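Subject: Structure handover

Hello,

Here is the structure for you to look over. My notes follow below it.

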Amino acid sequence: MAVNVLANENIWFDKCKYDDAEMKYYSQTHDSVPANTPVQNTARNPPATQENGASNILRDIARARENIQKSLAGSAMQGGDGELCSRVTALEKENLGLHKEVEKLRLTLSKLELRLSTVEKSLGGSKPAVCPPGPTHAQAAAQQPVEDGDDEIDLFGSSDEEESRESERVREERLRQYAAKKSNKPTLVAKSSILLDVKPWDDETDMGKLEECVRTVQMDGLVWGASKLVPVGYGIKKLQIQCVVEDDKVGTDQLEEGITKFEDYVQSVDVAAFNKV
C-alpha cells in the first residue's frame, strides 16, 4: 500500500542542485539575490536539510520494499508449509493403517502356531513307522539253498509252448482275414475321355464306311461313344468320335495305330480333347 502511494507522488529529488545553480546565476549577474525566489528560500533552508529529508524518504521506500518482499516470502512459505503438512498427515494415516495390518498378521500367525502345536500334541509326537526295505533279488538268490537238478525242471513248459502256438495261429488267421478283405475291396480304375478327329482323303470318301472301320478297333478297356461329322472345307468333312479308355490298358498311340491301318479311308488321326474321368 505504501509503495503504491509513493509511486503516485511526484518528488523532485534534484531540486537542491537546481537551487544552487540558480543562486550562482543571480550572484554573478546581480550582487543580491531577489526576494521571494526559490533561492532565497533555499538559503533559509540549507541543502543539507533537504538532502536529509530526501534520504529519509528513500530509506522509507527501501524499508517498504523489504517489508513487501518479506511478506510475499512469508506467504509462499506458509503455502509450502500447508502442502507439507498435508503430506505428513497422509503419511501418518498410511503408517497407522500399515501398523494395523501388521498386527492382524501377527495375530493370525500366532493362531496358526497354536493350532500346529495342538495337532502335534494330538499325534503324540510319534513318528510314522517306516517299513524296512525288502531283500533284493541278488540277496534272495544268495539266501535260497541250492536244490537238486530234478527240481529245476519246468513242468509247465509244454503249456507255454501251446500258448505261443495258439497266439501265432490267431495272428496268422487275422492276417488272412485282412488280406481277403483288402482283396474284395473294389479298386479305383483311372479312366480318360478322348475326342478323336479322323480326317479322310477327300470329299469322295465314304464317311459311313470310315466310321464302321474305326469302330471295328476293339481293345480291352476301350469303349466307343458318340460321333458326328464336322465340315472342314471344300466339301470335306471329318469324323469326330469320342471314346473312354482305361489308362493302364489303352493309350492314344495304340488307338492311332489301330485307326490309321485303314489307309483307303483314313488320312490322319488327331487327339482333339483329352480329359480324366
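In these notes, buried means under 20% relative accessible area, exposed over 50%, and partly exposed in between (1.4 Å probe, protein chains only). This is a predicted model, so local features need pLDDT of at least 70 and side-chain atom pairs count only at pLDDT 80 or more, while totals for chains, interfaces and linings use all residues. Residues are numbered from 1 along each chain as its sequence is written, and side-chain values use heavy atoms, with hydrogens and water left out.

Cysteines: Cys-243 is buried, at a relative accessible area of 1%. Cys-213 also counts as buried, because its relative accessibility is 10%. The structure holds 0 disulfides (a disulfide is a pair of cysteine sulfur atoms within 2.5 Å).

Strands: these are DSSP runs labelled E, at least two residues long, numbered from the N terminus. Two strands pair if DSSP finds at least two bridges between them. E1 pairs with E3 (residues 236-246) in the antiparallel sense, over 8 bridges. There, Leu-195 stands opposite Gln-242. E1 also runs antiparallel to E4 (residues 266-276), joined by 9 bridges. Leu-196 has Val-271 of E4 as its bridge partner.

After E4: which segment holds Val-277? Val-277 lies in the segment after E4. Val-277 counts as exposed, because its relative accessibility is 68%.

Best wishes

Terms used
Helix = DSSP H or I, 4+ residues; strand = E, 2+ residues; numbered from the N terminus.
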